[in-house]
Structures are given as C-alpha cells and as structure tokens.
Amino acid sequence: MTDRDRDVQGLLPLTPPMLHLLLALADGDKHGYAILKEVARRTRGKVRLGPSTLYGLIKRASADGLIAEADERPDPALDDERRRYYRLTTRGRRLAVAEIERLESLVDLALEKKLLRPRTA
Amino acid sequence: MTPRGPSRARTERFFRALVRLLPLDFRTEHGREMEQVFRAQRGEAREGTATVARFWLDTVQDVVRTAPREHLAILKQDTTYAIRALRRTPAFSIAAILTLAIGIGATTSLFTILNAFLFRPLPVSRPGELVSIATLDRHIELPHGLSLRDLEDYRADNPAFSDLVGCMPVRAALNAGGGAEQIAIEAVTGNYFSVLGVPPAVGRVIAPGEGRAPGDAPVVVLAFDFWRQHFAADPSVVGRTVRVNGRPLTIVGVAAEGFHSTESLLDVSAFVPISMAPALSGDASGTPALFEARDRHNLRVLGRLRAAVSIAQARAAMAVKARSLAQQYPDTDGGVSLLIVPETDARPEPATGPWFRMAAATFTLLAMLLLAITSANIANMLLARAATRGREVAIRMSIGARRGRIVRQLLTEGVVVALAGGAAAIPVAWMLAQSFARGVRTYRAIPLRVDLAFDWRVLGAALFVACASGIAAGLAPALYAFRADVNALLKTGGRVQSAAVDRGRVRRTLLVLQIAISLVLLVSGALFVKSLDRVRRLDLGFKPDGLVIAETEPALSGYAADERLAFYRRAEERVAALPRVASASWVSWAPFSPESDDVKVYVEGRAPARPGDVPMSFAVSVGAGYFAAAGVPLVAGRSFTAADDRTHAPVLVVNQTLARQLWPGQDPIGRRVRFAPDGRAAEVIGMVRDGKYYFVWEEARPMVFRPIAQDVPLGATLIARTTDRPAAAVDAVRRALREVDPDVPLAMVETMTSHLEQGNAFIIFRLGALLSNLFGVTGLLLASIGLYGVIAYHVAQRSHEIGVRMALGAQPSAIVASVLARGARFAATGAAIGIALAAAIGRFVRPLLVGVSPFDAATYASVTVVLVAVALAASLVPARRAVSVDPLEALRVE
C-alpha cells in the first residue's frame, strides 16, 4: 500500500451519494444541475439529489480535496447564465477507484459464498 | 416554456426563505448555484400537478434534512477547534474552568435548595391542581389552619373544588417491639389518599369515610421510606400491631414509593386517620374540641381545583361559603376569611410562604450578580487571549472566513469553557447543598426532611446557567472580532492600535461592572451580618443567656393531667437542686418553638362589638417560677405562686400589649376574663413586659400566661437558669429528667442560645448572612483577579514608556503611585456605580433585614473602604513589577 493509497483509505467507505458525485464528474467537468441530471439518468431515477444535499456533498468533497472548481461559464444547453463547473481531482479519482475496488472485493466475496451468481457477459 | 413572471418571483422568494435554514456560510458559498438548480428543476417539473407537488415535497424535504446536518457539522468543527485552543493554553483553561465552577456551583447549589423547598411538585397525581386554604382572622395576622367542622362544611357542594383534604402533624413515639422511636405522624382526613391519588405500595391506604368518629379507626399506614428502613420492606407487616404513643394501631398498608406526605419540611413516617389524633396526642379532652369546635384551627387544608376553575374563581366561591358560615356561627366564624394560594406558594406553611419566596428571590438575584462577575471575568480572560490571537483571526478572515463565522466560533469557545466549568460546578454545588442540609438537620426539635437530590430541574438550571454565562463571556471577544479591521491587524502582526483601544475599552467596562457588582454583593453581605448582630442583641423580653431548655412530652406516655403535673413538679425540684442550676421552671411552649397556642379572650361584662369579634391572644402555661427563671420582668401586680392551682380561683398574667388592647390607659390588675363564652372567669393578677414569642421580627403581640397547675399542658419545656456555662449543665439536666421518669419522651435538651441559633429565631438570619457573605467574598475575589489582570496588562503595554521615564530619572515611587492611581480610579468608578446599584435593589432586601436600613451609610462606607483597599492590593503587584523592569531591557524591546 503506497502512502497515497493510505491517504484515501481513511475516507472509505463512501456514502452512495458521494460516490455518485465522484462518478458523475469522472468523464468531464459539470455544473451542479448537470451533476443532478447525470446521477438521476445513470441510476434510472433511483438516486435523486436535491439542491442542498448536492451542495452539502460538493462542500465536503471540496474541503477534502476530492473535487475542485474548474471555471465559470454559461452552459450552451441551458440558458445564458454563467455556472460554476466542478472537476474531479486526482485525489478524488483515486478515492473513487479505491471505493469501487472495495465494492468489487465484496462482490467477489459474495460470488465465492454463492450469494450471487456470476453474470454471463 | 418560460414560467410566468409573478408566480416565478414568488416561488423563488419561497425557496430563498427556505434556504435561510442553512448556515450562512453555506448560503453565501452556494446560494446562487442552488437557486440556479432550483430554477432548472422547477422548469422541468412544470407538467402535471402530481409532478409539481412531488417537486415541492422533495425540495422542502431536501433543505429540512440538510440544514441540521450542516449546522451540526459547523458546531462539531467549532467545538473541536475550541477544545484544541483550550488545550494549547492549559493555565488559562484551568483558571477559567475553576472560576466558572465557583460561580455556577454557588448558583446551582442555591437553586437545589430552592427547588427542594419551593419548586419541586408534590409526588401526587396532577399536583398543579392543589391549592392551600388557610384561615385569616382579624386578631392573628398569620394565616393558620381550618377546623374539622368548617372543613366538612366547605367540602359539601363545593363548586370550585372537587374535594378538600385536611391533615395535621402529630409528634409520636412508635414502638414496633424494638423500643420507641420519635417520629412525625400525619393525621389525615379519610379522603387524603384518594384525593391526592396516592395508591398503596402494599396493603391499603386510609379509605374515604374512615375515621369519622373519635378513635374509631386504630390503623396506621407507613410511609414507604420508613417501611424500608425499619421493616426491611417486608410485605408481611400488614396486619401487624405497633404501639404509637402507647396505643396499639394495626398496620393496614404502606403508601406508594416516593410519597412523603404533603409537608414540605417535616419528615413524616406514618399516616393515621384524623380520628386518632386526639388519642395519640394523649389529649382525651381534645377529642370534642377537635371534632366540634369551629375555632380550633388545627388542620392544614389542601383543595383540588375542579377542571377549568381558576384560583380567582375558587377564592370567590369560597368567600361566599365563608360568609354563610360566619352568619350561621357568628361566635366562632365571625371574623374569619380565607387565604387561598397555590400549594407551592404556601411552603413551608401558609404563614411563612410569602417571606420564604421573597428571601428566595433576593438570594437568586444575588447569585445572578455573582454569576455576572464570573462571566465578566471569563470574558476578560478571553479578551486578553484575543489580543494574542488577533493575528490568527486576521489570517482566518483574509483567507475567506466570514466575520459571522468567527463570531460563531468565539461564542462556541465561550460555551465550551462554560460547559466544562458547569461540569466542574456540579460537585461544588453538591458539596455546598449537602453542607446546607447538614446545617438544617442539626435542628433537633422536629424530624426534618431535607432532600437535596439533583433532579432534571437542577441539572437543567445548571446547564442553562452555564450556557448563558458562556454566551455572555464569549460575546465580548466576539464583538471585538466583529469590529476588527483585517488589513490593520495583518499589517501590525495583530497588535494594531485602534483594535487594542477598542478591546481596552471593553475590558475596562467589564472591570468597572465587576467592581460595581461585587460592591453590591459585599454591601448585602454586610447588611445581613449587621442584621444578624442586631437580631442577636434584640430585646426578646427574657434573658436567654445561661438558660438550658428541655422539651418533654409526658402525654405521649398516656399520662393524665394529674400525672403530668406530678411529673412537672418532681422534675422541677430535681433540676433546681442540680449543682450548677440556680432555678428551674416550666413553659408549655418555649419562645421560638415550631408550635404555639392561642386563645380567645372574652372580657367580663363586655359584649363583642360585632358577633364573633373576640380578641385573640397567644397563650402559654407557665410554672410559678417561670418569670424569675426566664428573666421576664414583672411590670405590675404579682407573679404566680405554687398556690395557684386547681383548688384556687383561676388567675392569669397578661403582657403589656394585651393589657393595652383590652384596657387602654387603665390598670389591668383585678380585671376578669374568660377563654370561652361559658368558661370560668379568671382574674388578672399581674402584667409582664412584652417579648418576642414566635418570630424575632414580629410586632408586639398579645400574650396570656396561665399557671401550669390550672391549665396542665400535654407537653412542656423545662427551663433551667444555670450559674455558669449552660452547655456544661445540659447532660446533667438530661440525666435528671431521665431519672425522674424514664418513660417521658425527651424531644431535646440544649442551651437556649443554641435553640435560638438553630431554631426559627435566628437560623434564617444566619443562613442569610452566610450565603450573602459567601457571594460577597467570592465576588470580591473574582473582581480583584479581574483588576489584577487589567492592571498587569496595562503595565505590560506601558513597559516601554516606563522604561523611558525611569531612564530619564523618574522616581520608582512616582511610577508605582501612577499605577496604583489607575487601580484606585477603577475601584472608585466601580464603587460609585455599585453604590447606586445597591441602593436601587435595597428595597428587595429591606424585608429580610431587622434593625438595619438597606441604605445604612456606615455599611456602604466601610464596604467601599474595603473594596478600594483590596483594589489597591491587587494593583500593587503589577505596579512593583513595573518598576523592577530594567530600563535598558524595556527600551530594547521596541
């Protein structure tokens, strides 16, 4: 285990909304509303974040250095208002990977214990 | 699909209001973005009512769920930060916590005492409905009880009360086979337990209708604690017979756990039906009196208000009943009116309730003042530390912490210190309360229940007081931070001039306030001491020094009048013959006893002005040698002799007040009075000087003295005048009485001086002096610590200037004098404000003082002198340190 790994281990496990936030930013910078839409779309509406929950997450994630403000610009798909965009930091990416690996090892364990049948790809 | 204007503005306003639930920081950081998201989501949810409703529900839920979490997160962060900051400066933290422990501890212990006596509700069902009903009449200004016959009439068809109960404490010796034990028993009306809603723990309680006729229900119900302590909580005691004052009573049950009777001070161990009261007090002749006489106001009465009946309505309804009784029975109920107050207002008894509450309010005020000094001290400490933290605050502000955030954090710091102080205060409060309880329990004449347990009310009060003082203490540094100029602070490394001036002003104001309040506390302490001293030197109408008193209860052994009289005579002879005793005699109740007796006085040949308007007087039976032994001066006529017994004509001695009331400007000797309309006439043979009989602060009251041989009391107190130290004779008197008759219960034997000190004569004044001085000295100590801090800080600030002046040849004494002058200025300003403040609250203290005005100039002057002297002493240390500074060293610092 490297020092960097150890650094993020302390933050594990993540709450599902936090993991969704990090995942939503994994493939590009987004503003708050876009994050909400992405999470709702990917989870088929099962995880629906409200504005204060979302910004509570953003606040904590920023404080822990998992995400950072990218810039402020208008979203061409929405109105002309300027919006603050967020990006995933290296640390945030490492933490998301660590959480996914943790979940993966749980899935492996469940397969081994025959709690779960392997999916035919 | 743009929403229409007005509706859109309104929904956004609503959302903004909703978002206000979130912490300020959160809003300023993300408020605008949240509104953007809200607008977008709202635009999406336009179609269909169900979607819109769902959208609103989600939004509200979202904010309401998030807000507490965000606030808690900040609180946690601030608390962690505060604790870390406190750990960095252990000396400061320990000093602050100890200061608070003293301030909060003193306040909490006082509240524990008030709670036990005044606030804690009776352990009965719906205690808030209970009110106390007492009799007032024209001749005895103190409210007292009701007669059993009147109680029955008030109970019948009462529109205001669902029912009334009566009770009456009886002193008793209970013997369960292992020897007699002195206890207090409550004689109660049959409905007592059912009306109060107290079930039995074992067996049954006294039933409604039980004990209507004299002596018809020889049963006893034990109090739970007594049962546990004396019968090991054995349920098989039900059905057993115990002897109470020599009479066999059957235990029928045990009252519910936690129920300790309706008395607030008396420790009641058992309950009997009211029908047993005369028999138990050994007073066979009292039976008809208790059951028939409407002017025997023996019962303490509580009523349970009907639902939706106010106390004012109850007063009106009872006044109507009282008037109709007065018409029906003018002789006995003529001048009677009722005093109806909530049960808690009538503690410990209706007569002393208002006085108790006033004393409670005054001492609470003093405790609050002490707490203010404590808070000011902590505020000063926090401010002094804020000076060293100016740079830290500036840095935090420059990296974007908002002022509100920093204020919140400083307040949290104040509260964290205060909570730590509050926790440390709990053992302090407990110790203070227990030592108070020990003090009260030394009063041996009656078994007292002093249960100073900490309940949620006490802990809640301590918590409230701690938080309030923490916020008060954190406020000053917080305000200072609010006004700090970030740029200036950063530039000068946190020691900017303008901010320092501001801070200095706050600190100086706090200091002056502390000095002012400590003067108030010291003045009230000194007034109470002076008042206690006056009370001790008050002319009580007899000479207490050198007296030994012994309270006996021969009637409890079942002695009839002749046997009691024989005992009194034998005991008197025996004690008078003791080596150190000059003389001895008897009195049916000693001055300042918890009990008293009164009579109606019918002057022969004079019809009452109005029906029932018969003068009342205190009454006491005394032995032939009482006036001489007690030192009561005879003013006219003769005193009693051994010949004044039942075989001779009834005689009496009056005091000056009664003589003046009955025969103004005339000679009372030879006049004749009766104590009942159809009683035997007795002749006034003498008049003695007025005295104090029940309270030391009472106005002169009428008193009738009757010879003990003509009116033999059930129990009496022997008084013996000793030739030298009375304390040395106490044991001899006790032994002598035991030898005369070992069966006669001895309630207490002690010197009159200790009876006065411990009893209802002086104890209130002693406790008052003790408490107020505790507050005064603590306040002075805290204020001088505060003064020391400010002067030391001042000297440190001026060390450069002092160094220059010394280098230029200034005399050290001149510099010391200038520093002392500064301390003296503070003291003088504080004292001036304090004098005004003390004079303003003087009227609250006035009713608690005897023989001294709350504006006593000598007291104010001497306290001011003490205060200024202490202030100078506190300034002297830093002043001397100022001149010990090496001028070169001081100059090099710059």
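Two strands pair if DSSP finds at least two bridges between them. The views below show a predicted model.

**View 1. Strand β1(B) and its two antiparallel partners.** Strand β1 of chain B spans residues 130–137. Four bridges join β1(B) to strand β9 (residues 300–305) of chain B, and the two run antiparallel. Within that pairing, I133(B) has V301(B) in β9(B) as its bridge partner. β1(B) also pairs with strand β10 (residues 336–342) of chain B. That pairing is antiparallel too, over seven bridges. β1(B) is mostly covered, with seven of its eight residues buried.

View 2. β7(B) covers residues 247–255. Strand β4 of chain B (residues 200–203) pairs with β7(B) in the antiparallel sense, over three bridges. G203(B) stands opposite G253(B) of β7(B). Strand β5 of chain B (residues 219–222) runs parallel to β7(B), joined by four bridges. The bridge partner of L222(B) in β7(B) is V254(B).

View 3. Strand β6 of chain B (residues 241–244) and β7(B) pair in the antiparallel sense. Four bridges hold the pairing. V242(B) stands opposite L249(B) in β7(B). Two residues lie between the strands of this hairpin. N245(B) takes a positive phi there, near 50°.

**View 4. Where chain A touches chain B.** The contact draws 16 residues from chain A and 17 residues from chain B. On the side of chain A that touches chain B, α3 (32–42), α4 (51–63) and β3 (82–88) each supply at least two residues. α4(A) gives the largest share, seven residues. By type, this side of chain A divides into six nonpolar, five polar and five charged residues.

**View 5. Helix α23(B) and its buried face.** Helix α23 of chain B runs over residues 799–807. I802(B), G803(B) and M806(B) are buried in this helix. Seen down the axis of α23(B), its buried residues fall within an arc of 105°, so they line one face of the helix. An α-helix has 3.6 residues a turn, so residues three or four places apart point the same way. Just after α23(B) comes G809(B), with a positive phi of about 100°.

Technical notes: Residues numbered from 1 in each chain as written. Chains lettered and ligands numbered in written order. Predicted model: local features only at pLDDT ≥ 70, side-chain atom pairs only at ≥ 80, totals over all residues. Contact = placed C-beta atoms within 7 Å. Nonpolar A, V, L, I, M, F, W, Y, C, P; charged D, E, K, R; others polar. Buried ≥ 20, exposed ≤ 12 C-beta atoms within 10 Å, placed from the backbone. Arc of directions from axis to C-beta.
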